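Hi,

Here is the structure I promised to pass on. Please have a look at it, and then read on for my notes.

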Amino acid sequence: MKEQEMNELVEQGKMLPLMEEFYTIQGEGFHKGTAAYFIRVGGCDVGCHWCDVKESWNAKLHPPTGVDTIVGNAVKHSKTVVVTGGEPLTWNMEPLTSSLKEKGAKIHIETSGAYPVTGTWDWICLSPKKIKLPTPEIYQIANELKVIIFNKHDFQFAEEQAAQVNENCILYLQPEWSNREKMMPLIVEYVMQNPRWKVSLQTHKYLNIP
């Protein structure tokens, strides 16, 4: 396939820069402990300094892969599929989610919300970043809000974001992994004083799984 043709298919969402795909246990948020197939899509310009998958940022490093291939691999393992990145909404997610839906999959997305929502989702985990704030529409459809706590100022950011989500959105505070020993006691104290929030941990890292 010629490069131009491939680029056009990527623009249409019929191919995606696939960084990795794997079957594991969801480690974070509402669905922690659930077996799920993860699709990690390359490409992100949000640029969080503490990102633990910086290798996902440059989409050109990850081979454009046909949606049919990605979907075929996913449904062999699980009917629960998590699309993450990078920032998956960099790309048109409609072809991927339509194909997954045809196969009966439940589809979750983990996103910063920095780009307009495309695709059909059963669960939206919104994890906003200060560097590039979410688009307005995602606040009303997010199922969970997960704010990463790196320092004390992030609690204020969390409240600012929580003020914009819908009333049914579940609120999580999650320590940034490299700073967890310092921030975890503060998060525990904060949640006890503000019980509408819940604590999210990266349990997959404690379990030593992907």
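How much space lies in the second largest cavity? About 40 Å³. Before the rest, two words on the basis. This is a predicted model, in which local features need pLDDT of at least 70 and side-chain atom pairs count only at pLDDT 80 or more, while totals for chains, interfaces and linings use all residues. Residues are numbered from 1 along each chain as its sequence is written, and side-chain values use heavy atoms, with hydrogens and water left out.

**Cavities**

A cavity here is a set of points on a 1 Å grid over the protein atoms alone where a 1.4 Å probe fits but cannot get out, and lining residues have an atom within 4 Å of a point. Grid points are joined across faces, edges and corners, and the volume is the space filled by probe spheres set on the points. With a threshold of 30 Å³ or more, the structure holds 2 cavities.

The second largest cavity is lined by Gln174, Pro175, Trp177, Arg180, Leu201, Gln202 and Tyr206. That lining divides into 4 nonpolar, 2 polar and 1 charged residues. For these classes, Ala, Val, Leu, Ile, Met, Phe, Trp, Tyr, Cys and Pro count as nonpolar, Asp, Glu, Lys and Arg as charged, and the others, Gly among them, as polar.

The largest cavity holds about 80 Å³ of space. Its lining consists of Gln26, Glu28, Gly29, His31, Val82, His108, Ile109, Glu110, Trp123, Cys125, Glu144 and Lys146. Strands E5 (106–111), E6 (123–126) and E7 (144–149) are the elements that each give two or more residues to this lining, and E5 gives the most, with 3 residues. Helices (H or I, at least four residues) and strands (E, at least two) are DSSP runs numbered from the N terminus. By class, the lining of the largest cavity splits into 4 nonpolar, 4 polar and 4 charged residues.

E5 and E6 run parallel and are joined by 4 bridges; strands count as paired if DSSP finds at least two bridges between them. Thr111 stands opposite Leu126 in E6. E6 also pairs with E7 in the parallel sense, over 2 bridges, and there Cys125 stands opposite Glu144.

In a regular strand the side chains alternate between the two faces of the sheet. In E6, Trp123 and Cys125 point one way, Ile124 and Leu126 point the other way, and all are buried. Buried means under 20% relative accessible area, exposed over 50% and partly exposed in between, using a 1.4 Å probe and protein chains only.

**Salt bridges**

How many salt bridges are there? The count comes to 6, where a salt bridge is a side-chain nitrogen of Lys or Arg within 4 Å of a carboxyl oxygen of Asp or Glu. Three of them may interest you.

- Glu28 and Lys146 have their closest N and O atoms 2.4 Å apart. Glu28 lies in the loop between strand E1 (15–25) and strand E2 (35–41) and Lys146 in E7, so the pair ties together parts 118 residues apart in sequence. Both residues are buried, and both are among those lining the largest cavity.
- Lys132 and Asp45 meet at 3.1 Å, N to O. Lys132 sits in the loop between E6 and E7 and Asp45 in the loop between E2 and strand E3 (64–66), 87 residues apart. Lys132 is partly exposed at 27% relative accessibility, as is Asp45 at 47%.
- Glu159 and Arg196 meet at 2.5 Å, N to O. The pair ties together parts 37 residues apart in sequence, because Glu159 lies in helix H4 (residues 153–162) and Arg196 in the loop between helix H5 (180–193) and strand E9 (197–199). Glu159 is partly exposed at 23%, and Arg196 is partly exposed at 49%.

**Backbone and a buried residue**

The peptide bond from Gly85 to Gly86 is cis, with omega near 15 degrees. Gly86 is in the loop between strand E4 (80–84) and helix H3 (94–102). Asn208, a residue other than glycine, has a positive phi near 60 degrees. Asn208 lies in the segment after helix H6 (203–207) and is exposed, with a relative accessible area of 70%.

Finally, Ile70, in helix H2 (residues 67–77), is buried at 0% relative accessibility. Setting aside neighbours within four places in sequence, Ile70 is in contact (heavy atoms within 4.5 Å) with Leu16, Leu18, Glu21, Ile39, Thr65 and Leu96.

Best wishes

Terms used
1 Å grid on protein atoms, 1.4 Å probe; cavity = no way out; pocket = protein on both sides within 12 Å on 5 of 7 lines; lining within 4 Å.
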